[in-house]
Amino acid sequence: MVELSEPLENYLKEIYEIESINGTAKVTDLIIAFQVSPGTISKALERLESLGLIDRKNKRLRLTDDGLRIAERLVRSHRLSERLLTDILGIDWIRAHEIAHRLEHIWPDDILQRIDEVLGFPKTCPHGHPIPGRLEIHGELLSKAKLGKYKIIMIIKEEEWILRKAEEFGLFPGKELTLKNSSNNEILIEVNGKDESIPIMVAEQVMVDGT
Ligand SMILES: [Zn+2]
């Protein structure tokens, strides 16, 4: 398999993650996610295309089978690294996500396999994102859900401010909540026996499933 630079690996992984949440990835999604110039992105995409790892049609991007294999391996490595940091080392889920960005590139296959074993083959990362192949995610955004009872499936974007807010309101994967009211700016939920008003920008990042 080709040796890719870290930035190229990161682009493949981002395409995978955008595809799994939104269905298709666009060039503009990558420009926003990495805050780089269109020129930088298009060079990287040309390289990935010439290696046969992505297809480009109009502005849409698709991983080829080879691209998917590399992306899945990286995503698995990232999510298992996070679990190692939170579950074994007791690191909080914000730092775990940041450090996993570095660790995901370094593990040889046999060590990654060993990490997986030690962790007991987890189905998701600490933020609820599935280890590739282990779980089908069915859910909806808390911001768009009808009133009723739900279970939290995942925090979608693992950005620091979002994870801090999720923590503040006690919104963790696996938690149950009742959606009591919703408006354009905020929603009212009951979680952990308390009523909380959640800004819509936070609710847009929480995926839930009806219980
Ligand atoms: Zn995660």
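Two strands count as paired here if DSSP finds at least two bridges between them. Strands (E, at least two residues) and helices (H or I, at least four) are DSSP runs, numbered from the N terminus. This is a predicted model, so to speak a computed one: local features need pLDDT of at least 70, side-chain atom pairs count only at pLDDT 80 or more, and totals for chains, interfaces and linings use all residues. Residue numbers start from 1 along each chain, following the sequence as written.

**View 1. The chain is assigned two domains.** Domain 1 covers 6-68 and domain 2 covers 140-210; these bounds come from an automatic or database domain assignment. Their C-alpha centres sit 30 Å apart.

**View 2. Helices α1 and α4 cross at roughly 90°.** Here you're looking at α1 (residues 6-22) and α4 (residues 65-88), whose axes come within 9 Å of each other. Each axis is a line fitted to C-alpha atoms, for helices over the stretch in contact, and angles run from 0 to 180 degrees between N-to-C directions. The two helices are therefore roughly perpendicular, the label for 65 to 115 degrees; under 35 is roughly parallel, over 145 roughly antiparallel, and the rest oblique. On the α1 side, the contact takes in E9, L12, K13, I15, Y16 and E17, and on the α4 side G67, I70, A71, E72, L74 and V75. Contact means that the C-beta atoms, placed from the backbone, lie within 7 Å. Sorted by class, that makes seven nonpolar, one polar and four charged residues. For the classes, Ala, Val, Leu, Ile, Met, Phe, Trp, Tyr, Cys and Pro are nonpolar, Asp, Glu, Lys and Arg are charged, and the others, Gly among them, are polar.

**View 3. Three strands make an open sheet in the order β1-β3-β2.** The pairing is antiparallel, with β1 (25-26) and β2 (54-57) as the edge strands, each pairing on one side only. Four bridges link β2 to β3 (residues 60-63). Along that pair, I54 faces L63 and D55 faces R62. The β2-β3 hairpin has two residues between its strands, and N58 in the turn has a positive phi of about 50°.

**View 4. Strand β7 pairs with β6 and with β8.** β6 (residues 176-182) and β7 (residues 186-191) run antiparallel, joined by five bridges, and L177 has V191 as its bridge partner. Three residues separate the strands of this hairpin.

**View 5. β7 and β8 form a hairpin with two residues between them.** Six bridges hold β7 and β8 (residues 194-199) in antiparallel pairing. I189 stands opposite E196 of β8. In the turn, N192 has a positive phi of about 55°.

Key. Contact = placed C-beta atoms within 7 Å.
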